[in-house]
Amino acid sequence: MQSLINEEDFIDNAYDKLAYLIPRKGLNDIKGMDYLAFSAYIGDPNVAPGGWTTIRNLFDHIHVSDQDSILDVGSNTGHSSFLIEYYSQAKVVGIDIRKDLVQIAEKIAKEISSKAEFYDCDIKALPFDDETFSIITTTGTLAFLSEGHDKALCEMRRVLKEDGIVIDTCLYYEKEPPEHIVKEASKVLESDILDYNLEEYIKLYKKCGFQVKKSYALPTLQNKTTQNEVIDLIVQREEYLCELENQPFESEVKELLQEKMCRMFDTFSKNDEYVKGEVLFFEKSSLGRI
Ligand SMILES: C[S@@+](CC[C@H](N)C(=O)[O-])C[C@H]1O[C@@H](n2cnc3c(N)ncnc32)[C@H](O)[C@@H]1O
């Protein structure tokens, strides 16, 4: 894919497909959407902390060839997997527990001629043989699990080749957050998020047989666009997509979108005051390639 299309066009294309492959919905459907379905609907698949540049930069730190097989854990609508495939040219498999999101990822893959494969399954019971993958990537999916972090990591370790590596672009709490901040973020994300600091995060991996080999901090996000500008852009996008589908864009829908986004973005910006991003490279054994 890389040779056929430049980076920006590739990314725009994948996002466009996300817009056109999800039909516009009415008030009640939008009301009933949980965080992940709503994020996909508004075109915000939150690829990784720091966005697509975080994924691109990973490949300055590891050597990957087209002989590698990469498992992307928590692939959502496939955006991280598509980028990993684009930059690595390796075989990429994405897994996510949400069938609705996996189905969207499969449709986008077809549209953009990606060879990435997607499976709906639980990270705690991966349907792959031992030592299948040379690299496992995850964009902080562990923090989305309400329980079973050890089991998830044991499964990741099992399907990883002996000299394989896990790359986790994770978010952790740099300062201890007040309880209500974590509670509110968990409520919006609809799962009990992990309130770990970096040391605890690394300890969790160590407990499951991984050694941290390398890490670097993600730059603090400098959002030039304000929250209201983002909301306006997403409302304009919705209006445009409704027009394309010959559907009315009702004022109640507009207000609901604004209300849902406001709650989501407000909660995240309060949470972000305590959070930092780190890219962690773990090895399964000393045979590792880093
Ligand atoms: C931060 S999102 C990942 C975003 C993704 N990398 C992208 O490009 O859009 C975390 C994902 O983890 C998935 N997830 C949560 N629990 C899971 C589990 N037990 N097994 C597999 N995936 C899970 C969620 O459904 C969600 O899509």
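Modeller: Two packed helices are described by the angle between their axes and by the distance between those axes. In this predicted model, helix α1 (residues 7-21) packs against helix α6 (residues 99-111) at an angle of about 125°, and the two axes are 10 Å apart.

Colleague: Why are α1 and α6 described as oblique to each other?

Modeller: Angles of 65 to 115 degrees count as roughly perpendicular and those over 145 as roughly antiparallel. The angle here is about 125°, and α1 and α6 are therefore oblique to each other. Their crossing is right-handed.

Colleague: Which residues of α1 and α6 make the contact?

Modeller: From α1 come A14, K17, L18 and L21, and from α6 come I104, K107, I108 and E111. By class, this contact of α1 with α6 holds five nonpolar and three charged residues, and no polar ones.

Colleague: How do helix α8 and helix α11 pack?

Modeller: Helix α8 (residues 179-189) and helix α11 (residues 251-272) meet at an angle of about 145°, with 9 Å between their axes. The crossing of α8 and α11 is left-handed. On the α8 side, the contact is made by I181, E184, A185 and V188; on the α11 side, by R263, M264, T267, K270 and N271. The contact of α8 with α11 comprises four nonpolar, two polar and three charged residues.

Colleague: Let us turn to the ligand. How many residues surround the ligand, and which are the closest?

Modeller: The ligand is surrounded by 24 residues, of which P45, G74, N76, S80 and I123 are the closest. At least two residues of this shell are supplied by α5 (79-88), and at least two by β2 (91-96).

Colleague: How do the residues of the shell around the ligand divide into nonpolar, polar and charged?

Modeller: The shell has 10 nonpolar residues, 10 polar residues and four charged residues.

Colleague: With which residues is L218 in contact, leaving aside its neighbours within four places in sequence?

Modeller: With those neighbours set aside, L218 is in contact with P49, G50, T54, G277, E278 and V279. By way of a distance, the C-alpha atoms of L218 and C121 are separated by 29 Å, and these two residues are 97 residues apart along the chain.

Terms used: Residues numbered from 1 in each chain as written. Predicted model: local features only at pLDDT ≥ 70, side-chain atom pairs only at ≥ 80, totals over all residues. Near = placed C-beta within 6 Å. Helix = DSSP H or I, 4+ residues; strand = E, 2+ residues; numbered from the N terminus. Nonpolar A, V, L, I, M, F, W, Y, C, P; charged D, E, K, R; others polar. Axes fitted to C-alpha atoms, helices over the stretch in contact; angles between N-to-C directions. Parallel < 35°, antiparallel > 145°, perpendicular 65-115°, else oblique. Left-handed = near helix turned anticlockwise from the far one by under 90°. Contact = placed C-beta atoms within 7 Å.
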